[in-house]
Amino acid sequence: MKQSLFFAKPSHHPPKEEISRSAQLLEQAWYVDKLFAGVYTYLPLGFRVLKKIENIIRQEMNSVGGQELFMPALHPIENYQKTKRDIVDILFHLDLATGKKFVLGFSHEEIIVPLAQRYISSYKDLPLYVYQIQTKFRNELRAKSGIMRSREFIMKDLYSFHATDEDFEEYYSIMQGAYSRIFKAAGVGEKTYLTFASGGTFSKFSHEFQTITDAGEDTIHLCNGCGIAVNDEIIKEQKTCPKCKSARLVAKKSIEVGNIFPLKTKFSDAFGLRFTNAQGVNKPIIMGCYGIGLGRLMGAIVETHCDKKGIIWPANVAPFDLHLLAFGDASVRKNANEAYEFFCKNGIDVLYDNRDVSAGSKMADADLIGIPLRAIISAKTKNLIELKKRSQETTQFLEPEKIITFIKSTHNEN
């Protein structure tokens, strides 16, 4: 994509009203645009990143047996009345022209369970794993930190249905592994911890995945013994690590990027979702839910991958593979155009800065946008291209063919 035609206009100044670094950088670099507090447009740069994250998640959900569907965002209010959840204050309420009352989807337990009821009747229909990547709406009192806490957001939620506690526990463990792989692929695996949290009315514990960052709004307590963590909400009653019983817990600020939750039979009981086992006995269905906020994860990636100049995207989620810059006269621009065409023909996703602006502006915008590899063509590079990683200061001069090999080998590593 030629940058002169690309729908992006990075600013030299971060938005004054934003506090978190990720919110500042994502708006300044034109990844997102704030319509009002908690509601954002994902601009082409941001949408590319969002789709990369989505594809990582989709690949893992498919690998653990998930079947993708897409449920409505408009929900009958009576479904929430059946489950009696204490969430009235954060639901967006709507009246249809007919007078019938609806809400915008806060979550989808109230929709997936009646749907599953039409499919599940026997033990032969279980287990079942279905997921979606869908917009959610929550009437947050104080939307803050940009896309990390918003009123309209995109979420992956998978729901599992089981005949026995043993089958549920086995799948719950499988999902822990899938989540760990997702966060590793997204570039935050080394800073993301499986965290014990309150299970509320469903179970003693649920689990969150928390990414360590000073910008986090949560506090977790890391166990130096086994590497898991405990959420601040339960530390008063859980003085030691729930896994290894160590008392060596260290407090850290963090962002929740995902959660997995035993629902047990709360929602299946509310709707009468049951199955007949092999002995002909009618039994309740055991459920689990597993969520990841895509925008929240995107914000966490930026919080943990940036410097004073801008964003430093991990290769797997970067909007482009390569940022190509040309500095010089008509002959240099001719070489750059040829290199751009060569990269595109060989499957490299390139953002080519062909704008008629100063070299300083191009370099500053490249640092701000944060594509992991920068290629510069100038009079001094001659028949080679100067290649630099966004995360490093050193450069090397390579032929275009070797740059392609380098990029593809990086993709294979990730």
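W30 is partly exposed, with a relative accessibility of 26%. Buried means under 20% relative accessible area, exposed over 50%, and partly exposed in between, using a 1.4 Å probe and protein chains only. F7 is exposed, at 51% relative accessible area. This is a predicted model: local features need pLDDT of at least 70, side-chain atom pairs count only at pLDDT 80 or more, and totals for chains, interfaces and linings use all residues. Residues are numbered from 1 along each chain as its sequence is written, and side-chain values use heavy atoms, leaving out hydrogens and water.

**Ring pairs**

The structure holds 13 aromatic pairs. Rings of Phe, Tyr and Trp (its six-membered ring) pair if their centres lie within 6.5 Å; planes under 30 degrees apart count as stacked, over 60 as edge-to-face and the rest as tilted. The table gives two of the pairs.

| Pair | Centre to centre | Angle between planes | Type |
|---|---|---|---|
| F7 and W30 | 5.5 Å | 75° | edge-to-face |
| Y172 and Y290 | 6.3 Å | 50° | tilted |

F7 and W30 link distant parts of the chain, 23 residues apart. F7 sits in the segment before α1 (21-28), and W30 in the loop between α1 and β1 (32-36). Helices (H or I, at least four residues) and strands (E, at least two) are DSSP runs, numbered from the N terminus.

Y172 lies in helix α5 (residues 165-185) and Y290 in strand β16 (residues 286-293), 118 residues apart. Both Y172 and Y290 are buried. Ring pairs also join them with Y129, F168 and Y171 in a cluster.

**A buried lysine**

Where does K388 lie? K388 is part of strand β22 (residues 385-389). K388 is buried but has no salt bridge. A salt bridge needs a side-chain nitrogen of Lys or Arg within 4 Å of a carboxyl oxygen of Asp or Glu. The nearest side chain of opposite charge, E393, is 4.7 Å away. Here Lys and Arg count as positive and Asp and Glu as negative; His and the chain ends are not counted. The side chain of K388 does reach the backbone oxygen of Q392, at 2.7 Å.

**Helix α9**

Helix α9 covers residues 359-369. Its buried residues are K362, D365, A366, D367, L368 and I369. They pack against several elements, including α1, α2 (44-63) and β21 (373-378). After α9 comes G370, with a positive phi near 85°.

Definitions and conventions: Polar contact = N/O pair within 3.5 Å; in protein donor to acceptor, adjacent residues only side chain to side chain. Contact = heavy atoms within 4.5 Å.
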